[in-house]
Amino acid sequence: MSSKSAKKVGHPLSELLRVPAGPVDLARFDPAATPGYPGEGKSDSAEETEALGAELSDLQEVLYADGRSEPETASRVLVVLQGMDTSGKGGVIRHAIGLVDPQGTQLRAFKAPTAEERAHDFLWRIRQALPGPGMIGIFDRSHYEDVLVVRVESLVPEAEWSRRYAQINEFEAELVAGGTRVIKCMLNVSFEEQRRRLAERLAHPSKYWKYNPADVDARLKWPAYQEAYAAALELCNTVDAPWHVIPSDHKWYRNWAVAELLRETLAGMNLQWPPAEFDVATEQARVEAS
Ligand code: AMP
Ligand code: MG
């Protein structure tokens, strides 16, 4: 463990990265920016993130303890990760979510729906993957694919996908009302940086497994994806479940930023250690005498 404690961020990062209400123009979000980062840059980012990890991990333990003792009323957290291929959803899971005890996390990656999943409403598989009491759920892709790839590829008629924004808002409002904090992160990587990362995957056999020829097909539809993202960020940017755009051209900033958003969320939940369900003095005496 680091002896250093995390430097304070001037403004809450959630405010700095939050998408303002109203029409969204993604071109106005700089993928290489590093807003709110309290250190020097890449050189001290490992140290900063580790320092953050200590606090994050303590907070997560209280959340988890509460979930074990009061499952009916315990809070939950859901981190929704969206972004184009190579934006770093996997990197965030490893380096930011990886700072907390894996026993308290529930990870779910959403791929193209199976035949069974397609037979149900698009939120069916999402509802089944929601975090339990005291847990931090992480969605690697999410219900937003149903208004992203589905919209770009016309996988269902427009009349159907266009209704989904309101359905998503209603679903998320319900989640929040039930005690789940929802942290929505769009990992914003630039077109140029995506090309570099795809080229890197082809440069070494140890990276081939990360490369999927279909990623280039999606890349060729970049403007259509930007438009679909802008629509999701605008239409599903609610007070209860706002969107954050995470500049993701710098991996070190991206990982730090998601960890800090999670820390701020947990810190703002006013979590308390659950009281003992036994008489402490009696138990102390029993242990002493044993
Ligand atoms: P990856 O996350 O790179 O392993 O890829 C998962 C793939 O599943 C991506 O191409 C997504 O676009 C696709 N996918 C995820 N959710 C959906 C969905 N609801 N409908 C169609 N494709 C999806
Ligand atoms: Mg991929």
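I count two strands as paired if DSSP finds at least two bridges between them, and I take helices (H or I, at least four residues) and strands (E, at least two) as DSSP runs, numbered from the N terminus. I note that this is a predicted model, in which local features need pLDDT of at least 70, side-chain atom pairs count only at pLDDT 80 or more, and totals for chains, interfaces and linings use all residues. Residues are numbered from 1 along each chain as its sequence is written, and side-chain values use heavy atoms, with hydrogens and water left out.

I began with strand S1 (residues 76-83), which pairs with strand S3 (residues 136-140) in the parallel sense over five bridges, Val-80 having Phe-139 as its bridge partner in S3. S1 also pairs with strand S4 (residues 180-188), again in the parallel sense, over eight bridges, and there I found Leu-81 opposite Cys-185.

I then looked up burial, where buried means under 20% relative accessible area, exposed over 50%, and partly exposed in between (1.4 Å probe, protein chains only). Seven of the eight residues of S1 are buried, so the strand is largely enclosed by the rest of the structure.

Next I checked Pro-31, which sits in the loop between helix H1 (13-17) and helix H2 (42-69) and is buried, with a relative accessible area of 16%. Its C-alpha atom is separated by 39 Å from that of Thr-73, 42 residues apart along the chain.

Last, I placed Arg-94 in helix H3 (residues 89-95) and recorded it as exposed, because its relative accessibility is 55%.

Technical notes:
Chains are lettered from A and ligands numbered from 1 in the order in which they are written.
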